[in-house]
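Subject: Structure for your files

Hello,

Here is the structure I said I would pass on. My notes on it follow below.

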Amino acid sequence: MKIALLVEKLNLRIKCGEDKLDREVYGGYVGDLLSDVIANSAPDDIWITRQAHQNIVAVAALKEHAGVILALGQEPEDDTIAKATKEGIPLLVTDLSGFEISGKIYELMKE
Amino acid sequence: MPVRFENSYPVEGGNFSEAGKVSVEIKNALKKLGISNNIQRRAAIAAYESEMNIIAHATRGTLTVRVTLDAVHIDVKDAGPGIGDVGLAIKEGCSTAADQFQRMGFGAGMGLSNIRDCSDTFEVVSGSHGGTHLKIVINTNER
């Protein structure tokens, strides 16, 4: 499923990476502990977190995530947006919790 | 054993804004050498956790990467306080990171065990006298 479809169906707010939304998402991972995400997420995952600081970008870049969704309306810091733009990683925001947004994405991916 | 690539990368303790930069550089270097995606990812995880350890615990350190025909070697040396009980530190969930770092999602106590899981051989040389040396070897013949 393309990220663009997730954005459209789930009303995600795009913070950067608008030109990368045609990338395919093959799975997802939810986590706020960076070592957990580094160890257990997979390439092409959409990563759902409430960490909004710039260090999430290195994790997403190293793990080749398709994009990052910040849950509970967490606004990414300015330097997070700058780094993600440079790395070409879409940053998206939802007001839903990690649990709710994961459930919705899971349902969409099952279809 | 011929060396295909060798480079050292300094890491500054406490500088979270640059965290991950060295790991990305190492991953890109391995990519250029035509190392497989799987090995690139394992090396990148080991490098990232090593980098984060220096940033969280030491004043400075260095990652030295050496690629031979059959392995990626990452040597990590830091000027930190040292690890008094290596067996305990490597156990998942054990962390001595400061609270402010833990709130940022660092210091989950998974760093050394993540490195061990990504390595084919992994050795920690340290002690409470200070300084830590990680010797990480990842074989490039797929396991």
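Chain B holds an open sheet of five strands, in the order β1-β2-β3-β5-β4, with antiparallel pairing. The edges are β1 (3-12) and β4 (121-126) of chain B, each of which pairs on one side only. On average, neighbouring strands of this sheet are turned by 10° against each other, direction ignored. Please keep in mind that this is a predicted model.

Within that sheet, strand β3 (residues 71-78) of chain B runs antiparallel to strand β5 (residues 132-139) of chain B, and eight bridges join the two. In this pair, A71(B) stands opposite N139(B) of β5(B). As background, strands of a sheet pair through backbone hydrogen bonds, either parallel or antiparallel.

A helix also lies across the sheet strands. Helix α2 (residues 37-57) of chain B lies across β1, β2 (60-68), β3 and β5 of chain B. Its direction is at about 5° to β3(B).

Now the contact between the chains. On the chain A side 14 residues take part, and they are in contact with 18 residues of chain B. By class, the side of chain A that touches chain B has seven nonpolar residues, five polar ones and two charged ones.

Regards

Technical notes:
Residues numbered from 1 in each chain as written. Chains lettered and ligands numbered in written order. Predicted model: local features only at pLDDT ≥ 70, side-chain atom pairs only at ≥ 80, totals over all residues. Contact = placed C-beta atoms within 7 Å. Nonpolar A, V, L, I, M, F, W, Y, C, P; charged D, E, K, R; others polar. Pairing = 2+ DSSP bridges. Helix = DSSP H or I, 4+ residues; strand = E, 2+ residues; numbered from the N terminus. Axes fitted to C-alpha atoms, helices over the stretch in contact; angles between N-to-C directions.
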